[in-house]
Amino acid sequence: MNLFTDGFAEAIQLLSSGNESVYSAITTTITVSSWSLLISLIIGLPLGFALGYYNFYGKSVLRTIVDTLLALPTVVIGLIAYTMLSQAGPFGKFDLLFTPQAIIIGQIVLGLPIIIALTATQVEAVDKRLYTSLKGMGASSYQILVATLVEARFGLMTAAMTAYGRIITEIGISMMVGGNIKYHTRTVTTAIALETGKGEFVTGIALGIVLFAVALMVNIALSVLKRKWTQ
């Protein structure tokens, strides 16, 4: 228990002392994770709606692929992103490797299947009478999309929380395409790996507590928003 209590005490000390490297890692983590989630939602919600609402040839195969991508290891995503963004890759000319943008791209690949799969599930669970009523009133495809997303908003919030939880805690992508560069691409998870690799277990635990606190605050904020929507 001493190791954990020492880690908790150091976490408080790191936060209260305004440690620059710690706050830089926290800022980078929140920034890249938030952008990754936002872009994943913008792309994934319409695609998830289409996958759950429309019937088309090959839908079951596509759904199986999306579900399979849910279990794709982050190191595999990081490896693919690295080969694509390296100088020898097709997007090497953009010099994105070892930048926050590279981490965002990799995390979008991680979060997108979660958003698509869970959105499709929520759309399929919506009362089919809603679609019938909307079509009867002459609603366009866009209006049906918006109405469906509003109807399934609580389930979609859960999808967003699930995706954000997976994104903010990943390490493989951030390490491989971010490079763990201090004050630039170092996130809380890569900082934990670095500190524990050096044998600084107390600091690693402290950073783990900080990461847990950040994830907890995000989930509390979403829970408060959900309660306000239900009132």
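Author: A salt bridge is a side-chain nitrogen of Lys or Arg within 4 Å of a carboxyl oxygen of Asp or Glu. Keep in mind that this is a predicted model.

Reader: Why is the pair E195 and K198 called a salt bridge?
Author: The closest N and O atoms of E195 and K198 are 3.6 Å apart. The limit is 4 Å, so the pair qualifies.

Reader: Is E195 buried or exposed, and how do you know?
Author: E195 has 16% relative accessibility.

Reader: How many salt bridges does the whole structure hold?
Author: A search finds three. In another of them, R63 pairs with D67, with the closest N and O atoms 3.8 Å apart. These two residues sit four apart in helix 3 (residues 59-69), which means about one helical turn separates them.

Reader: What makes D67 partly exposed, while R63 is called buried?
Author: D67 has 35% relative accessibility, whereas R63 has a relative accessible area of 17%. Buried means under 20% and exposed over 50%, so D67 falls in between.

Reader: Which residue of helix 5 pairs with R63?
Author: That is E124, with the closest N and O atoms 3.0 Å from each other. This pair links distant parts of the chain, 61 residues apart: E124 lies in helix 5 (residues 100-125) and R63 in helix 3.

Notes. Residues are numbered from 1 along each chain as its sequence is written. This is a predicted model: local features need pLDDT of at least 70, side-chain atom pairs count only at pLDDT 80 or more; totals for chains, interfaces and linings use all residues. Side-chain values use heavy atoms; hydrogens and water are left out. Buried means under 20% relative accessible area, exposed over 50%, partly exposed in between (1.4 Å probe, protein chains only).
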